[in-house]
Each structure stands twice: as structure tokens, then as C-alpha cells.
Amino acid sequence: MHASDVQREIEDRNKYVIAAIELDTSWQTEPTIDENQAYLSKELDFFRRLLCSQGPEPELILVPDTNAMLKSAKPNDYASTIDSKSFTFAIVPTVLAELDELKRSRRDQALGEKAAKAIRILKGLRAQGSVLDGVIVAKTIQVRMIPTEPRFQGLPSWLDPGNQDDRIIGSVLEIQFKSPSATVVLVTDDVNLQNKAEMAFLPSAEPPDVS
């Protein structure tokens, strides 16, 4: 296929995907949810084929939400989540802010202690190098802290900047935009956040069971 034809097909399929993310029901919707999912999957296969043709196995990026970090802030515990020992563990600003708020809260001492423990682990990682550039732990896991808040101008219009869950979704989408060939997975056991991830066509996974 000629380069100009590929570019035109990318633009056409991109319009469909964006319309689907924006929940624009006027754009080629199918009669049932299953048919919509099947049609969208077919459209996305084009992009998957393009990305797979660009090189080796895609990078895996895990983004834990606050609940996941309260269960475990140790990156190596998350290897079981995706059955892989090699991945990037990305901490987004909203999660850091929520952990700090929980640590200082006097309403739930047990929750505050879990948040304080998570923050101690993250501070320990900072002592190993620049977490903005990435710190390697357990030989194959890179830990990065994202310093910037999501910019909602280029994100789906249904995301609310004042909603903490939506801010996490926004950060995950920005990570995906910056690493288009990577598989970015939101780690959460929050059903509402899982639903929002599905609306944004983001894969999600349950946090590790470390009990």
C-alpha cells in the first residue's frame, strides 16, 4: 500500500475511534454493544498491525491507582498482574496526591498507615536515582513518577478535571499517547474506574493479591 493511502486510512479509522471514545452515537454505531465492540476491534486491528510491524515486543506499562498502591507499593509484586517480570511501573500525580492526603487524614488510622507505608516505599525508590527518568528495581522493572498533571484539552470531553478518577484516566491516556506502541494497563479494583477505562478503550487489571 502506498504511503499516502496508509495515511488516508489512518485518518479515516482515527475519526471512527475518536468518535467512539467521545461517545458520539452519530458515528457509524451498530445495533448492539457486542456488534459495536466487534466493529471497533476490527478498526483497531489496523493500528495493531502497523505498530507490530515497527519492531520487537511492545513495552508494558502498568499504572496503579490509589487503591492498588494501598494494597502494595512494591513494583515487583505486580509481576503476577500481567504475568511478566519486565515492565514499567508508572506513578501518576493524582495517585501521589491521594496517598499524601490519606496519610495526613485522621479519619481512618489503618488507611493512613497503609498510605504512609506506600509513600515510604516510593521515597526509598527516589534514593536509588531519578524517578523522573526511571529507576530500575528487581533487575527488569523500571519505576517512573509522572511529574505533570493531565492536559484535558486533548482528552475525551466526558472526562471531568475535577474528578479524581477522571484525572487518573487522563494521565493513563497521555502515557499511551506518548508511547503509542506500548501496552498501557491501568491497575485497579475499583469497578467504576474499570468502567471508565473501558469507555476510554484502556485495558485494566486487578491489583496483586499480597495478603
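In this predicted model, helix α5 (residues 93-104) and helix α6 (residues 109-126) come within 7 Å of each other, axis to axis, and cross at roughly 130°. That angle makes α5 oblique to α6, because anything over 145 degrees would count as roughly antiparallel and 65 to 115 as roughly perpendicular. The crossing of α5 past α6 is left-handed.

As for who touches whom, α5 brings L96, L99, D100, L102 and K103 to the contact, and α6 answers with L111, G112, A115, A116, A118, I119 and L122. Sorted by class, that contact of α5 with α6 comes out at nine nonpolar, one polar and two charged residues.

Now for the sheet. Six strands form an open sheet with mixed pairing, and reading across it gives the order β3-β4-β2-β1-β5-β6. The edges are β3 (135-137) and β6 (204-205), each of which pairs on one side only.

Further in, strand β1 (residues 60-64) runs parallel to strand β5 (residues 183-187), and five bridges join the two.

Strand β4 (residues 141-145) is mostly covered, with four of its five residues buried. Buried in this case means under 20% relative accessible area. As background, in a regular strand the side chains alternate between the two faces of the sheet.

The pairing of β3 with β4 is antiparallel and takes in three bridges. Within it, V137 stands opposite I141 in β4. These two strands make a hairpin with three residues between them, and in that hairpin A138 takes a positive phi near 50°.

Helix α7 (residues 164-178) lies across β1, β2 (87-91) and β5, and runs at about 165° to β5.

How values were computed:
Residues are numbered from 1 along each chain as its sequence is written. This is a predicted model: local features need pLDDT of at least 70, side-chain atom pairs count only at pLDDT 80 or more; totals for chains, interfaces and linings use all residues. Side-chain values use heavy atoms; hydrogens and water are left out. Axes are lines fitted to C-alpha atoms, for helices over the stretch in contact, and angles run from 0 to 180 degrees between N-to-C directions. Angles under 35 degrees count as roughly parallel, over 145 as roughly antiparallel, 65 to 115 as roughly perpendicular and the rest as oblique. A crossing is left-handed if the near helix is turned anticlockwise from the far one by less than a right angle, and right-handed if clockwise. Contact means heavy atoms within 4.5 Å. Ala, Val, Leu, Ile, Met, Phe, Trp, Tyr, Cys and Pro count as nonpolar, Asp, Glu, Lys and Arg as charged, and the others, Gly among them, as polar. Two strands pair if DSSP finds at least two bridges between them. Buried means under 20% relative accessible area, exposed over 50%, partly exposed in between (1.4 Å probe, protein chains only).
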